[in-house]
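Hi everyone, thanks for making time. Please have a look at what I'm putting on the screen, and then I'll walk you through a few spots.

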Amino acid sequence: MMPQHSPAPSAWQRIQTAWGLPDLAGKGRFVTANLIDSLGNGLVAAFTVVFFVKTTSLSLVAVGAALTAGQLLVLPVPLFVGRLLDKCGPRIVVAAGNWISVAGFIGFLFSHAAWQIVLWQFVVQLGSTAFWMGSSPLTVLVARGVERARWFGFVRALRNVGVGFGGAASAVALSIGTVAGLRAVMVINVVTFAVAGWLVITLRGADTSEAADAGPAEPKPAEPEQAAGETTGPPSGGYRTVLKDTRYLRLVATNVSFVFASTVITVLLAVYAVDNLDVGAWIVGVIVVLNAAMVALLQTLASRWIEARKPVTVLVLALLFNAAAFAVFGTLLVLPGWAVIAGLLIAMVLYTVAEMLSSPPTSELSVVMAPEHLRGRYLGVYQLSWSVGGAVAPALLTALLEGGAALPWMFLTAISVLAVPLVIGLDRGPAATSEGAPAGDVAPAEQLDGDPVG
């Protein structure tokens with residue numbers, strides 16, 4: 001018999017392999033929905049405060065307080081969204097999240113009083129919470145058990161590009177400065193979020209029984225320890241089961257350190273560099289652009305490297321890179337002026353490497369460590385690390401900065417190092433896990449955008 005030869009890879013397949021991109025065939029709607037949603041987030045994040053200052057008679061302080069109040073009201077919402085995830089699935093929750101945000105943005109257009117801003121900010125953040133809680137399990141569903149690290153990395157890079165372009169478009173609108181221009185941006189945001197929701201809800205799906213035909217699954221982390229007498233199968237346990245799962249709670253606690261780290265650019269960097277290091281504000285812009293460019297260009301390459309290694313190993317490295325970055329940021333106080341700019345660049349590179357390493361494994365573990373029948377509730381608890389951490393970090397870090405320029409960096413370094421023991425052992429589960437994968441370990445497969453299963 002003549003030996004059979006596989007066809008030579010196409011140019012696009014070679015690019016996918018070289019850059020660590022996942023197989024995008026048949027995933028157009030999912031990719032487009034993420035890109036559109038990212039553009040919308042970039043648009044609104046950059047100009048919400050200015051929008052209300054320009055379109056209402058409220059002061060800057062009143063607008064800021066109203067937006068903060070609306071966001072604080074959302075803190076308990078993840079626990080309710082978790083129940084919906086278990087009942088409805090991630091696709092419906094993600095689409096609903098986009099459409100709830102649409103309702104909030106329409107409300108923004110007609111808001112004139114502080115209470116109206118509080119109300120519609122709550123609605124927008126409710127939609128955002130639903131989107132983010134459903135995004136990771138939907139990504140696992142799209143990956144169908146393979147290339148999960150690449151998919152999480154690709155989605156993150158895609159979102160960085162979208163947010164960057166959205167922010168740039170928003171800056172153009174702000175430079176025009178007219179109320180009509182600002183309202184036009186908000187209308188565009190309404191349209192983009194509505195389209196993103198439609199793309200997600202129209203992803204065509206197959207019966208979950210076809211999971212066996214979805215192809216070989218990657219090795220996954222061991223499933224969480226079960227509470228005494230708990231079995232996988234019919235829904236049971238609720239949040240009490242989640243709170244008894246100490247391994248998952250260690251992941252949540254570890255993520256708190258990454259949440260605090262994620263606020264450095266928005267909360268600390270500019271005021272620290274300008275007021276304490278006496279450098280020009282331009283350098284802050286340069287290193288922020290450096291961060292965004294590195295994530296957009298290198299995240300998929302990092303994900304290709306990550307997928308060949310244990311998630312626990314990658315998370316330990318991410319924590320150590322964060323600790324090193326924060327230590328460098330803090331020591332810049334004692335460096336001569338000529339070395340400060342170089343130090344800022346080095347610290348930002350270390351910080352960005354930690355960001356790229358931490359995102360895929362934390363997103364993946366938050367899903368696959370949860371039993372499938374309680375996955376929504378598990379993700380509800382996980383999301384609290386983002387909601388509560390994101391609310392506490394600005395107040396705590398700025399208070400520390402007020403007490404001493406080195407204090408926030410010492411705190412961030414300490415929590416990064418202290419999180420390392422929490423990570424170690426997350427990949428070790430009960431011996432019974434080697435006998436077969438329970439329901440929580442195999443993501444259901446769906447046929448997406450007409451892509452054939454198998």
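Let's begin with Asp278, which is exposed, its relative accessible area being 65%; exposed here means over 50%, buried under 20%, and partly exposed in between, with a 1.4 Å probe and protein chains only. You'll find Asp278 in the loop between α11 (264–276) and α12 (281–306). Helices are DSSP runs of H or I with at least four residues, strands are E runs of at least two, and both are numbered from the N terminus. Asp278 is not a glycine, yet its phi is positive, about 55°. Most residues other than glycine have a negative phi.

A quick word on the source: this is a predicted model, where local features need pLDDT of at least 70, side-chain atom pairs count only at pLDDT 80 or more, and totals for chains, interfaces and linings use all residues. Residues are numbered from 1 along each chain as its sequence is written, and side-chain values use heavy atoms, leaving out hydrogens and water.

Now, is Gly89 buried or exposed? Gly89 is buried, with a relative accessible area of 16%. This glycine sits in the loop between α4 (77–88) and α5 (90–109). Its C-alpha atom is 8.3 Å from that of Gly376, although 287 residues separate the two along the chain.

Last stop: the lining of the largest cavity, which includes Phe30, Asn34 and Phe131. A cavity is a set of points on a 1 Å grid over the protein atoms alone where a 1.4 Å probe fits but cannot get out, and lining residues have an atom within 4 Å of a point. Two elements, α2 (28–55) and α6 (114–143), each give two or more residues to that lining.

Note on methods
1 Å grid on protein atoms, 1.4 Å probe; cavity = no way out; pocket = protein on both sides within 12 Å on 5 of 7 lines; lining within 4 Å.
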